[in-house]
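Please examine the following structure and its sequence.

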Amino acid sequence: MDRNRRHRPLARFAARATLLVWLGLVPVVATALGDSGADGDFDRRDSFHFTLFQDVDLDESGGLRGSRNFEQAVLRELEAAFDRLDAILALRPEKKILVYVWDETVFEQRFAGLFRFPAAGFYGGAIHVRTGDRVSPALVRTLHHELVHAAFDLEAPRLVLPAWMNEGIAEWFEARASGKRTLSGGERQALRRAARQGTLFSLSELGARSFSDFGPDAARLAYLESYAFIDHLVRSHGERGLVRFWRAVVRSRSLDRGSRRAYRQDLETLERGFRRSIGAS
Ligand SMILES: [Zn+2]
């Protein structure tokens with residue numbers, strides 16, 4: 001996944017596409033988890049805002065992977081991400097957030113069937129990520145991304161946000177937290193190409209609760225377009241505008257009311273502006 005990220009910026013969406021698992025998938029995840037870990041016993045570690053579980057059996061057999069240093073490093077990254085989330089998006093969950101760290105093989109066995117494309121991690125009532133021998137830049141981004149889903153879930157537990165908003169803000173935040181301020185040249189090109197080919201999705205086509213049913217190519221474009229739309233909103237109306245937008249949507253429980261309150265425009269007008277910005281009509 002790291003290799004894909006470095007050499008083929010767009011391939012990361014297929015290779016790593018982290019995804020939202022919203023309310024609809026939570027029961028599936030609960031079933032997949034069962035009542036316990038692989039061996040029925042989780043090792044627990046707490047930080048101020050997070051509780052992290054790692055399977056004890058994996059910990060003992062995992063050598064470097066099982067190192068307590070890894071768990072501590074994950075919690076440090078999450079706490080730093082928590083502060084960034086507050087500073088950039090004014091999202092500050094009150095409740096502790098649960099995190100599960102899984103062995104790669106166990107993660108594949110248990111969760112691969114939930115998605116039609118490979119996932120580096122996901123949120124389904126708790127943040128789930130694969131273990132590793134170090135906290136790689138890719139894992140840091142995944143933790144930032146999933147933290148957005150966790151924060152929205154805790155902020156508005158019964159509100160199902162459209163995937164373009166939830167995934168778009170998660171993608172935007174993970175990029176923003178790593179210092180990336182806008183779309184790369186390659187990402188713009190990919191959007192222009194999709195526009196020329198007539199394959200861009202409309203916002204309403206990206207309005208399901210998750211992209212888990214999308215195939216790899218469609219998911220890659222769906223994540224990119226969602227990120228690009230949020231990036232467009234931020235470039236046009238600033239980061240504070242994005243905070244006003246998510247707050248207005250959560251409070252009014254309506255995308256249209258939220259967009260009119262935050263941007264003084266309806267969603268269709270915002271979408272037309274976005275499509276013009278990427279060279280689509
Ligand atoms: Zn996601």
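Of the 281 residues of the protein chain in this predicted model, 42% count as buried. The secondary structure of the chain comprises twelve helices and six strands. Among contacts in the chain with a separation of 6 or more, 69% are between residues 24 or more positions apart.

The interior may be considered next. In soluble globular proteins, nonpolar side chains tend to be buried together. Here, the largest nonpolar core contains 70 residues. The residues with the most contacts inside this core are Leu78, Leu85, Val99, Ile127, Leu147, Ile169 and Phe173. Helix α10 supplies the largest share of the core, namely 14 residues. At least three residues of the core come from each of domain 1 (2–155) and domain 2 (163–277).

Which residues does Leu147 touch, if those up to four places away in sequence are not counted? They are Leu78, Ala81, Phe82, Leu85 and Ile127.

The last topic is a pair of helices. Helix α8, residues 163–177, packs against helix α10, residues 216–252, at an angle of about 80°, and their axes are 8 Å apart. Angles from 65 to 115 degrees count as roughly perpendicular, and therefore α8 is roughly perpendicular to α10. On the α8 side, the residues that meet α10 are Ala163, Trp164, Glu167, Gly168, Ile169, Glu171 and Trp172. Their counterparts in α10 are Tyr223, Ser226, Tyr227, Phe229, Ile230, Asp231, Val234 and Trp246. By class, this contact has ten nonpolar, two polar and three charged residues. Ile169, which takes part in the contact with α10, is also one of the residues with the most contacts inside the largest nonpolar core.

Notes. Residues are numbered from 1 along each chain as its sequence is written. Axes are lines fitted to C-alpha atoms, for helices over the stretch in contact, and angles run from 0 to 180 degrees between N-to-C directions. Helices (H or I, at least four residues) and strands (E, at least two) are DSSP runs, numbered from the N terminus. Angles under 35 degrees count as roughly parallel, over 145 as roughly antiparallel, 65 to 115 as roughly perpendicular and the rest as oblique. Two residues are in contact if their C-beta atoms, placed from the backbone, lie within 7 Å. Ala, Val, Leu, Ile, Met, Phe, Trp, Tyr, Cys and Pro count as nonpolar, Asp, Glu, Lys and Arg as charged, and the others, Gly among them, as polar. A nonpolar core is a set of buried Ala, Val, Leu, Ile, Met, Phe, Trp, Tyr and Cys residues joined through C-beta atoms within 7 Å. A residue is buried if 20 or more other C-beta atoms lie within 10 Å of its own, exposed if 12 or fewer, and partly exposed in between; C-beta atoms are placed from the backbone. Domain bounds come from an automatic or database domain assignment.
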